[in-house]
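Take a look at the protein shown below. We will walk through it one piece at a time, beginning with a single residue.

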Amino acid sequence: MKLKGILMFVVLLCWTVSAYALDPTLTVGSTSYQAGKTVSVPITLTTNGANIAILAFELTYDPALLSAPQVTPGSGVTVLGKSTYDNKDALGNTMSLVSNVPTATPGKYRVLIAGLVDTVAGTMTGGSTLLTDGIVATVSFTAASSSTGAITLTNSFTDAADAAANTVAINGSAPVSLPFSVGKVGDCNSDGKVSAADVQYAINIVMRKTGFTYSPLCDVNINSTTGEYIPDGKTTASDVQTLINVIMKKTGWVLPN
Ligand SMILES: [Ca+2]
Ligand SMILES: [Ca+2]
């Protein structure tokens, strides 16, 4: 009876775990941008243990506010031998997503992350490698010079499969609103330059001193190896140390323009 009870418990536990297993999730990162400048939006994958060899997503945006989408594969994707593909033609126009009709459809940018196909060399790499957690792509746009307020990006489509071509369910993130900021990233005190005063400003935010609150300009997280700008929506010790490294001109520590 005792063994039977234990077996029942194990079966119930397994059922519970499988019933509540999380689907992988693709998140559109929130960041800040300046009117007329480039805005880079990180796309982050959380696999939750799923085997994902190929992945597609589509960003919906207001073409009056954002233009010229351009994807760059995340450093982890490149290491895996994969590449990114998008729905732009040779002229840089985004193409219709219906029946391959070559009609421009501004406002929808679709990206596929898959094995790298080199038609010139006749080679393929990364066909079976599995994506790992982290930034899988960065999509940059040009923000209109008249942009004010926040821009909303929607991850309206996600599609994934494993190396055996089985479809993998994946969740896209909710609409993300990108805050508008005027100034240079790292210029916490808005005096037009990044200096030791900005380090002190960031320290004051972390120390919750009166009059010093979070600003996207003081959210400066970067990956010094890949150069990726990965703001996390808060100003913490990590931002203070980043500013210190930038001001000390340590190799690799460069803030976006
Ligand atoms: Ca400053
Ligand atoms: Ca931060």
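Lys-193 is exposed, because 11 other C-beta atoms lie within 10 Å of its own. The cut-offs are these: a residue with 20 or more other C-beta atoms within 10 Å is buried, one with 12 or fewer is exposed, and anything in between is partly exposed, with C-beta atoms placed from the backbone. Lys-193 sits in the loop between β12 (176–178) and α3. Its C-alpha is 9.2 Å from that of Gly-183, and the two residues are 10 apart in sequence.

This is a predicted model, in which local features need pLDDT of at least 70 and side-chain atom pairs count only at pLDDT 80 or more, while totals for chains, interfaces and linings use all residues. Residues are numbered from 1 along each chain as its sequence is written, and chains are lettered from A and ligands numbered from 1 in the order in which they are written.

Now step back to the whole protein. It has 4 helices and 12 strands. Both are DSSP runs numbered from the N terminus: helices are H or I with at least four residues, strands are E with at least two. Of the 257 residues, 29% are buried. Two residues are in contact if their C-beta atoms, placed from the backbone, lie within 7 Å. Among contacts between residues at least 6 apart in sequence, 68% join residues at least 24 apart.

Next come the strands. Two strands pair if DSSP finds at least two bridges between them. One open sheet has 5 strands in the order β4-β8-β2-β1-β11, with mixed pairing. β4 and β11 (171–172) stand at the edges with a single partner strand each, so one side of each has no neighbour in the sheet.

Follow the sheet across from β4. β4 and β8 are antiparallel and share 6 bridges. Here Leu-66 stands opposite Ala-143 in β8. β8 then pairs with β2, again antiparallel, over 8 bridges. In that pair, Thr-44 has Ile-135 of β8 as its bridge partner. β2 and β1 are antiparallel too, joined by 4 bridges. Val-28 stands opposite Ile-43 in β2.

Not counting residues up to four places away in sequence, Ala-68 touches Phe-141 and Thr-142. Ala-68 and Ser-140 are 72 residues apart in sequence, yet their C-alpha atoms are 7.8 Å apart.

Another strand to trace is β6. Strand β3 (residues 54–60) pairs with β6 (residues 108–118) in the antiparallel sense over 6 bridges. Glu-58 stands opposite Arg-110 in β6. Strand β5 (residues 82–86) also runs antiparallel to β6, with 5 bridges. There, Tyr-85 faces Leu-112 of β6 as its opposite residue. Leu-116 has Thr-125 of β7 as its bridge partner. The hairpin of β6 and β7 has 4 residues between the strands, and Gly-122 takes a positive phi near 70 degrees.

Leaving out residues up to four places away in sequence, Val-139 touches Val-41, Ile-43, Leu-59, Pro-69, Val-71, Tyr-109 and Val-111.

Finally, turn to two helices. The axes of α3 (residues 196–206) and α4 (residues 237–247) come within 9 Å and cross at roughly 175 degrees. That makes α3 roughly antiparallel to α4. Axes are lines fitted to C-alpha atoms, for helices over the stretch in contact, with angles from 0 to 180 degrees between N-to-C directions. Angles under 35 degrees count as roughly parallel, over 145 as roughly antiparallel, 65 to 115 as roughly perpendicular and the rest as oblique. Residues making the contact include Ala-202 and Val-206 of α3, and Leu-243 and Ile-247 of α4.
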